[in-house]
Amino acid sequence: MSTSAASHLSPAYPDRAPWGTAGRLRAWQQAALGLYLDGEPRDFLAVATPGAGKTTFALRVATELLDRHIVQQITVVAPTEHLKHQWSEAAKKVGIGIDPTYSGASGGTSRDYTGIAVTYAGVAAHPMLHRRRVENRRTLVILDEIHHAGDALSWGDAVFEAFEPAARRLALTGTPFRSDTAPIPFVTYAPDAEGVRRSVADYIYGYGGALADGVVRPVIFLSYAGQMRWRTKAGDEVAASLGEPMTQDAVAQAWRTALDPEGNWMPAVLRAADRRLDEVRRAVPDAGGLVIATDHNTARAYAKMLREITGKSTTVVLSDDPKASTRIAKFSESEDKWMVAVRMVSEGVDVPRLAVGVYATSISTPLFFAQAVGRFVRARRRGETASVFLPSIPSLVQFANELELERDHVLDRKKRGEDDLWSEEEDLLADANKTKDEAPLEEFTFKALESEANFDRVLFDGGEFGVAAQIGSAEEADFLGIPGLLEPEHVRTLLQKRQARQISRQRGARGGGDAVPAEQRPVVSHQQLLELRRELNNLVGAWHHQTGLPHGVIHADLRRSCGGPPTAQATAAELRNRIDTVRKWAASRAS
């Protein structure tokens with residue numbers, strides 16, 4: 001191994017560095033390395049945004065320590081099997097042999113290797129085996145995405161037990177916060193001004209700094225709302241619109257309805273995402289898209305939708321598929337358009353050409369959201385942009401607006417409030433820990449009945465652009481057609497221009513010669529609109545029972561017959577027209 005080889009490794013390895021950013025080391029890597037070598041700490045925590053080049057930095061540290069005989073061997077701990085092999089390939093580039101197949105069962109490795117790569121789960125299975133290894137020889141332990149050491153209490157205990165005697169420990173993460181308060185081994189915590197203990201990093205290179213340096217892509221979030229209708233476990237039928245103020249429970253059910261493959265929301269959003277990907281591929285021909293799904297069944301359903309939309313096959317990556325890593329690698333090297341994955345494409349898994357994403361999962365923790373968005377920010381050339389489609393869910397919108405916010409891992413949690421970002425996950429955890437002798441008998445189960453999508457807004461750099469528009473409208477096309485190559489400072493300018501044009505169009509549409517003076521316009525209250533929507537949905541339900549047609553089909557037929565937007569955006573007059581139309585259908589059928 002040699003520091004010379006490490007210094008010539010791409011600063012973005014395993015990616016290529018974007019044009020204009022590739023020196024021997026990036027500025028942040030050089031600064032962090034200098035800080036490390038000057039201080040010679042036993043423990044060092046480097047926090048760097050996904051795509052910044054944590055692997056290159058860590059391997060440069062490793063070569064320095066090996067060349068100076070400060071350590072004799074390396075142990076890399078990674079979250080997944082896929083990442084073990086990725087680390088091994090990277091280390092080979094700088095002359096460090098890392099065995100990615102090492103296991104507790106084998107007990108040893110070839111003397112040709114300078115170190116091993118293992119998973120956190122593997123350490124938890126055999127902590128004493130790893131402790132003996134680091135006791136016998138001076139070892140640098142690289143803890144990749146160290147927040148995973150707190151995934152379970154046993155994991156944290158095992159990591160501490162295994163590597164407490166290590167000569168050096170280098171911890172890396174792109175998302176240094178967790179949704180729980182489990183302490184992470186070998187991370188320093190210090191009280192802030194309010195006495196709350198927070199993690200302390202030795203070096204931080206956040207998304208904002210990386211964006212300014214041209215190291216990562218700017219992310220454009222395209223938010224979609226729409227009208228949802230579902231049946232609760234109590235047997236009640238509920239209609240609501242994504243993005244409207246609702247209880248947390250109603251938000252979760254509306255979200256679940258939107259993601260249901262049987263509705264119209266997902267096909268509409270996937271078509272919009274595919275149009276966006278086509279636009280990006282005009283400038284970046286190999287750009288790819290990723291749909292992040294909740295479970296295996298929905299992943300397969302989404303892949304089928306994409307095949308119907310594009311006419312081409314879609315790669316599906318499932319968490320229990322032994323060939324998952326091979327599928328990811330094959331997709332990364334191809335020019336195929338779409339991949340659908342269930343939590344497999346997580347932090348550290350590099351598919352550099354991913355440029356368009358669809359957040360089609362109901363997971364709403366800041367950690368997972370940050371990891372998901374991290375799949376799209378890796379820049380290969382200056383001017384590349386990333387586009388992520390997401391439902392208009394308050395928590396997701398907040399995460400998108402706070403993309404540049406640097407978070408620490410908090411050990412002391414304040415008293416929970418209604419706006420607590422962590423409350424949903426804590427409730428789920430508490431529910432999972434309950435003792436359940438028997439499933440409750442219920443007359444009904446939750447069922448998504450129908451969903452319609454509409455374009456809501458664009459989120460970028462903490463700002464919001466655009467107003468609600470119908471699917472397929474010129475207003476939506478304005479934002480889907482943003483060029484795939486833009487400098488960050490030009491993105492905001494273009495979004496502002498598109499928003500101004502959208503508002504101008506809508507004002508022009510409302511301001512014709514037959515405009516009614518303000519004092520003569522009828523005032524319709526929210527309650528009146530709610531009653532009209534409820535009446536329409538009841539009539540659609542009755543027509544469904546008479547004809548057997550799905551609710552979504554009936555609503556689509558009404559829109560074709562009467563015109564106008566989806567129910568959530570329809571005026572009182574448009575709703576009354578649809579109510580009258582359904583009644584005419586029923587009268588005609590009765591006669």
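Questions and answers on a predicted model follow.

Residues are numbered from 1 along each chain as its sequence is written. In this predicted model, local features need pLDDT of at least 70, side-chain atom pairs count only at pLDDT 80 or more, totals for chains, interfaces and linings use all residues, and side-chain values use heavy atoms, with hydrogens and water left out.

Me: How many helices and strands does the protein chain have?
Reply: Helices (H or I, at least four residues) and strands (E, at least two) are DSSP runs, numbered from the N terminus. By that count the protein chain has 20 helices and 19 strands.

Me: What share of the residues in the protein chain is buried?
Reply: Buried means under 20% relative accessible area, exposed over 50%, and partly exposed in between (1.4 Å probe, protein chains only). The chain has 591 residues, and the buried share is 52%.

Me: Among contacts between residues at least 6 apart in sequence, what share joins residues at least 24 apart?
Reply: Contact means heavy atoms within 4.5 Å. Under that rule, the share in the protein chain is 74%.

Me: Is glutamate 450 buried or exposed?
Reply: Glutamate 450 lies in strand S17, residues 447-451. Its relative accessible area is 7%, so glutamate 450 is buried.

Me: Which side chains make polar contacts with the side chain of glutamate 450?
Reply: A polar contact is a pair of N or O atoms within 3.5 Å; within protein, one must be able to donate a hydrogen and the other to accept it, and residues adjacent in sequence count only if both atoms are side-chain atoms. Glutamate 450 touches residues including Gln227, Thr257, Asn537 and His551, not counting residues up to four places away in sequence. Another, at 3.0 Å, is with the side chain of histidine 555.

Me: What distance separates the C-alpha atoms of methionine 228 and glutamate 452?
Reply: Methionine 228 sits in strand S10, residues 219-231, and is buried at 0% relative accessible area. Its contacts beyond four places in sequence include Trp265, Glu450, Ser451 and Glu452. Methionine 228 and glutamate 452 are 224 residues apart along the chain, yet their C-alpha atoms are separated by 6.6 Å.

Me: How far apart are the C-alpha atoms of valine 219 and glycine 374?
Reply: Valine 219 also has its place in strand S10. It is buried, with a relative accessible area of 4%. Leaving aside neighbours within four places in sequence, valine 219 contacts residues including Tyr207, Val373, Val388 and Phe460. Valine 219 and glycine 374 are 155 residues apart along the chain, and their C-alpha separation is 9.9 Å.

Me: Within what arc do the buried residues of H12 fall?
Reply: In helix H12, residues 324-333, the buried residues are Ala324, Ile328 and Phe331. They line one face of the helix, because seen down its axis, with directions taken from the axis to the C-beta atoms, they fall within an arc of 65°.

Me: Which strands do the buried residues of H12 pack against?
Reply: On the other side of H12, Thr326, Lys330 and Glu333 are exposed. The buried residues pack against strands S12 (288-293), S13 (315-317), S14 (338-341) and S15 (354-360).

Me: At what angle do helices H19 and H20 pack?
Reply: Axes are lines fitted to C-alpha atoms, for helices over the stretch in contact, and angles run from 0 to 180 degrees between N-to-C directions. H19 covers residues 551-562 and H20 residues 572-590; their axes are 10 Å apart, and the angle is about 110°. That makes H19 roughly perpendicular to H20 (the class for 65 to 115 degrees; under 35 is roughly parallel, over 145 roughly antiparallel, the rest oblique).

Me: Which backbone oxygen does the side chain of threonine 581 reach?
Reply: Threonine 581 lies in helix H20 and is buried, at 12% relative accessible area. Leaving aside neighbours within four places in sequence, it is in contact with Leu558 and Cys562. At 2.8 Å, its side chain reaches the backbone oxygen of asparagine 577.

Me: What is the phi of glutamate 145?
Reply: Most residues other than glycine have a negative phi. Glutamate 145 is found in the loop between strand S5 (139-143) and helix H7 (153-163), and counts as buried at 5% relative accessibility. It is not a glycine, but its phi is positive, about 50°.
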